[in-house]
Amino acid sequence: MDLRENLKAKNAALSQKDNPQSIIQVKVTMATCGIASGSRPVYEYMKEELSKRNIPARVSQVGCMGFCYAEPTIEITMPGKGPLMFGFVNTKKADEIIERFIRKSEAIEGVIPMNYETA
Amino acid sequence: MARQIRIALRNCGVIDPERIEDYIARDGYMALAKVLTELSPEAVIEIIKKSGLRGRGGGGFPAGMKWEITRKVQADQKYVVCNADEGDPGAFMDRSILEGDPHAVLEAMTINGYCTGASKGLIYIRAEYPLAVERLKTAMSQSRETGLLGNDILGTGFNFDIDIRYGAGAFVCGEETALIHSMEGLRGEPTVKPPFPSVEGYLKKPTNVNNVETFANVPVIINKGWEWFSSIGTERSKGTKVFALAGKINNVGLVEVPMGTTLREVIYEIGGGIQGGKEFKAAQTGGPSGGCLTKKHLDTPIDYDNLIAAGSMMGSGGLIVMDEDDCMVAIAKFYLGFTVEESCGKCSPCRIGNKRLFELLEKITQGNGTMEDIDKLRNLSTVIKDTSLCGLGQSSPNPVLSTIENFMEEYHEHVKDKKCRSKVCKSLMQYLVVPEKCIGCTLCARNCPVNAISGERKQAHLIDQEKCIKCGACMEKCKFNAIIIN
Ligand SMILES: Cc1cc2nc3c(=O)[nH]c(=O)nc-3n(C[C@H](O)[C@H](O)[C@H](O)COP(=O)(O)O)c2cc1C
Ligand code: SF4
Ligand code: SF4
Ligand code: SF4
């Protein structure tokens, strides 16, 4: 159908511009639960530090991922890889994630197992 | 490992809720486009009916049937209402959906408007949800700009717009007739059904009321087909249910599981088990309107019908886990206290009856109860259920009935032995100094707020039970574990 093709094409273009596959995706949980546990400073930190350290990434805010017990949570998708979720993230942990996980691909602690599929 | 399947939560934690592009990139508004350009309202209703989707706000009424009833009533104006009141203590499923994926609800409401013949939608949301409100507003203005809301949607000539209405956070205002009166500027009191809102609702016009989560399922059903949706779940409960896990569980949070998942899978596999490795005692579903599930229900598949059979109900999806440290009589009292606060007072069984239930429970937790009181609780509960005007009163005795049914021995202990095994009911416990362990350091005596502890330095101390107010300060301070609860 025309309209839908239209919508889709328009968006393919839009999302291509914002999140090409080659870029690191960082999603910070910013629902009431996440913000209450301090996700806003983590979001700001990731945004600023990644650009300061010249690591091209798209940092976005998302809704509740369901892991309230481990807030703030952030999800990182390296190009060509599956997403990984980290829990109990503060700015110190965020620094470790940038330096060790993102830069050096080291395995670090704090990964939350994800056990769901999405429709 | 038990599976979670995210349908209602498909975009929560995945997309930026403040960017319509993100939503559209994940097939957002595709269902609306399909509906408006390819399907008749009847055909859409048929899809929803066949999918088996039932209301997620508590009652479990078949959604497609409600849409059809609203469609068939003749009227010059009809309304679509999204119930985002979410008053159940401990529940936050709807808030999470609105904060994480507001467009899904807008899209579904618009589809509902097309099906029922309504051109106006209203979202009734509690003012305590400021972030959800803000994101809804952002989403609404984005979809208006994109031509997905307002006049001539997607160039099809269909008009539909949505407004937000605020609630003040009263539990009873989640009941659909009370909700409608509250939106009309009247007192938030329920009225007798029928007429049902689908026939005579907001401003006396036909009004289709659905819950946030019910709506959130709709676009996926249209996109993936009713066959796919109805392949998930049990015979009479299709799809998934979002639960807010709270209480003594390790992984407090939101989960979405297929209908028919067992309590054991939810608590132990997904929820990570009970905090501190303690023993599971009960789980409350349906909040103050529901009942408790116990060890014998651990392997019962959770769906609408099984929960009713177990003396509880699905409710909106709060799931509060209790362990050996929770006293079931005190839990019943907690919920009744909530009901007494939240009853609108319009009808006497609920206004007076629940107060009496609360007083009886209070008497029992204070150690003054008799066996007749337990019978009175039972009889009065039945009367309240049978004679109350709205769902609040009709279900408020459920926590009492289900704790009596499942934990009669705890009621007996409170009444006959004057004991609370979970050490929750303060009137039934005594703080005692164990003389063999006490070295007479005087620390407890110095910390007791009511000077109930006496004793010479280096001599065993003694607590005066008449004076003691059971604050527990002494036990916390004693470095020698010399103070115990009896
Ligand atoms: C006391 C009481 C409180 C209720 N609270 C809510 C609520 O917070 N949210 C909700 O969606 N439904 C609530 N309901 C159910 C609504 O009356 C109504 O059945 C529901 O919104 C219909 O939508 P659904 O069929 O999609 O579930 C409540 C009912 C009662 C009796
Ligand atoms: S049952 Fe309770 S809440 Fe419902 S109308 Fe009667 S008094 Fe009000
Ligand atoms: S604090 Fe403990 S040891 Fe010290 S006097 Fe009190 S009971 Fe005895
Ligand atoms: S429980 Fe409180 S009031 Fe009672 S003896 Fe200990 S400190 Fe005093």
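**A conversation about chains A and B**

Visitor: In what order do the strands of the open sheet in chain A run?
Guide: In this predicted model, the open sheet of chain A has 5 strands in the order β2-β1-β3-β4-β5, and their pairing is mixed.

Visitor: And which are the edge strands?
Guide: They are β2 (57-62) and β5 (111-112) of chain A, each of which pairs on one side only.

Visitor: In which sense do β4 and β5 of chain A pair, parallel or antiparallel?
Guide: Strand β4 (residues 83-86) of chain A pairs with β5(A) in the antiparallel sense, over 2 bridges. Within these strands, Phe86(A) stands opposite Val111(A) of β5(A).

Visitor: Let us turn to the two chains together. How many residues are in contact?
Guide: On the side of chain B there are 47 residues in contact with 33 residues of chain A. The two chains bury about 3200 Å² between them, with 55% of it on carbon and sulfur atoms.

Visitor: Which three residues supply more of the area that chain B buries than any other three?
Guide: Those are Arg6(B), Gly13(B) and Met30(B), which supply 17% of the area that chain B buries against chain A.

Visitor: What about Arg6(B), where does it stand?
Guide: Arg6(B) lies in β1(B), opposite Thr118(A). Strand β1(B) pairs in the parallel sense with strand β6 (residues 116-118) of chain A, over 3 bridges.

Visitor: How many salt bridges are counted between chain B and chain A?
Guide: The count is 1 salt bridge. The side chains of Arg58(A) and Asp22(B) meet in a salt bridge at 3.3 Å, N to O.

Visitor: Which element gives the largest share of the side of chain B that touches chain A?
Guide: That is α2(B), with 5 residues. By class, the side of chain B that touches chain A has 21 nonpolar, 10 polar and 16 charged residues.

Visitor: Now the ligands. Which residues come nearest to ligand 4?
Guide: Of the 13 residues around ligand 4, the nearest are Cys448(B), Cys468(B), Cys471(B), Gly472(B) and Cys474(B). The shell around ligand 4 consists of 11 nonpolar, 1 polar and 1 charged residues.

Visitor: And which come nearest to ligand 2?
Guide: There are 13 residues around ligand 2, and Cys344(B), Lys346(B), Cys347(B), Cys350(B) and Cys390(B) come nearest. The shell around ligand 2 divides into 8 nonpolar, 4 polar and 1 charged residues.

Terms used
Residues numbered from 1 in each chain as written. Chains lettered and ligands numbered in written order. Predicted model: local features only at pLDDT ≥ 70, side-chain atom pairs only at ≥ 80, totals over all residues. Heavy atoms only, no water. Near = heavy atom within 4 Å. Nonpolar A, V, L, I, M, F, W, Y, C, P; charged D, E, K, R; others polar. Contact = heavy atoms within 4.5 Å. Buried area = accessible area lost by both parts, 1.4 Å probe. Salt bridge = Lys/Arg side-chain N within 4 Å of Asp/Glu carboxyl O. Helix = DSSP H or I, 4+ residues; strand = E, 2+ residues; numbered from the N terminus. Pairing = 2+ DSSP bridges.
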